[in-house]
Amino acid sequence: MNIKSTLLASVLALAPLAAPAADLTIGFSQIGSESGWRAAETTVTKLEAEKRGINLKFADAQQKQENQIKALRSFIAQGVDAILIAPVVATGWDEVLEEAKEAKIPVVLLDRTVDAPDDLYLTAVTSDLVHEGTVAGQWLVDEVAGADCRVVELQGTTGSSPAIDRKNGFEKALAGNANLEIVRSQTGDFTRSQGKVVMEAFLKAEGGENICALYAHNDDMAVGAIQAIKEAGLKPGVDIKIVAIDAVPDAHLAIANGEMNATIELTPNMAGPALDALEAFLADGTMPPKWIQTESKLFTAADDNQSIYEMKKGLGY
Ligand code: GZL
């Protein structure tokens, strides 16, 4: 064998064995199915993996962190090529992420972040959650145009990065506008049922006539609250202005019907960018940025919400 082919053979021997996507096995620890958006994210993730010929091992945690930690340990024991996780809360992940790192299994965060050193995960694919809250708050500031407005807030899951960041973002927008006051703020855990129950409590405590607006950290809680507002004999979207986040089909339908006023879109396709980054990393060690940001778009009554509802309702929500 001549020197050139010997050199080539030795270089090729060093190159990481690029596992084509079709041979990849990836574990996905999903929070649960607490909202229409979450269900859509699950549908889209499975489609994105199928498109790439990836063997996806799916684990539904029923919104419990201990089930996610168990799922990650199972994926590690199975020796998967990579892990996707939507972390239900921001804290308590260091130990199991260390175990994944020890096992040389890259982890990608989807739609939520964790309070852990960023060398414990390859990248996070999320929207700018603070910005979403700020867009919602600024919409309300503009909508009330200086008039006094007593606001109630339905927070997402306690301790989750969207609940923390969307609250902070909203408060940033309201700062300096003394005419707007958040008079009640409580978690509805991102679900319709809890959104309705907590809104009923707000209405009872404050009196519906004393509530000017609702800010919900996701559309599902807003849709639950709309039911409570109607049952209290009030007009949602008119007597009580409603702004939320996700832009699920039912939010567009509520806006089209005048029962809600604004929503901020969150793409359910976090897996596409995540799997692209993982494939590149596994193929040749390409390092993605630590944060892959997805777009946020405000929708109001000015948009053709009926058409958007028709288009989105078949997308797995
Ligand atoms: C936000 C995501 C949130 C959605 C909710 O990135 O984690 O979780 O806004 C879902 O619908 O429950």
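Predicted model: local features only at pLDDT ≥ 70, side-chain atom pairs only at ≥ 80, totals over all residues.
Local features were taken only at pLDDT of at least 70 and side-chain atom pairs only at pLDDT 80 or more, whereas totals for chains, interfaces and linings use all residues. Residues are numbered from 1 along each chain as its sequence is written, and side-chain values use heavy atoms, without hydrogens or water.

Strands are DSSP runs of E with at least two residues, helices are runs of H or I with at least four, and both are numbered from the N terminus; two strands pair if DSSP finds at least two bridges between them. Strands E3 (residues 82-85) and E4 (residues 107-110) are joined by three bridges, and Ile85 stands opposite Leu109 in E4.

The axes of helix H3 (residues 65-78) and helix H4 (residues 94-102) come within 10 Å and cross at roughly 10°. Axes are lines fitted to C-alpha atoms, for helices over the stretch in contact, and angles between N-to-C directions run from 0 to 180 degrees. H3 and H4 are therefore roughly parallel (angles under 35 degrees). Their contact (heavy atoms within 4.5 Å) involves Ile69, Leu72, Arg73 and Ile76 of H3 and Glu95, Val96, Leu97, Glu99 and Ala100 of H4.

Helix H2 (residues 36-51) has 16 residues. Just after H2, Gly53 takes a positive phi of about 70°.

How values were computed:
Parallel < 35°, antiparallel > 145°, perpendicular 65-115°, else oblique. Expected span 1.5 Å × (residues − 1).
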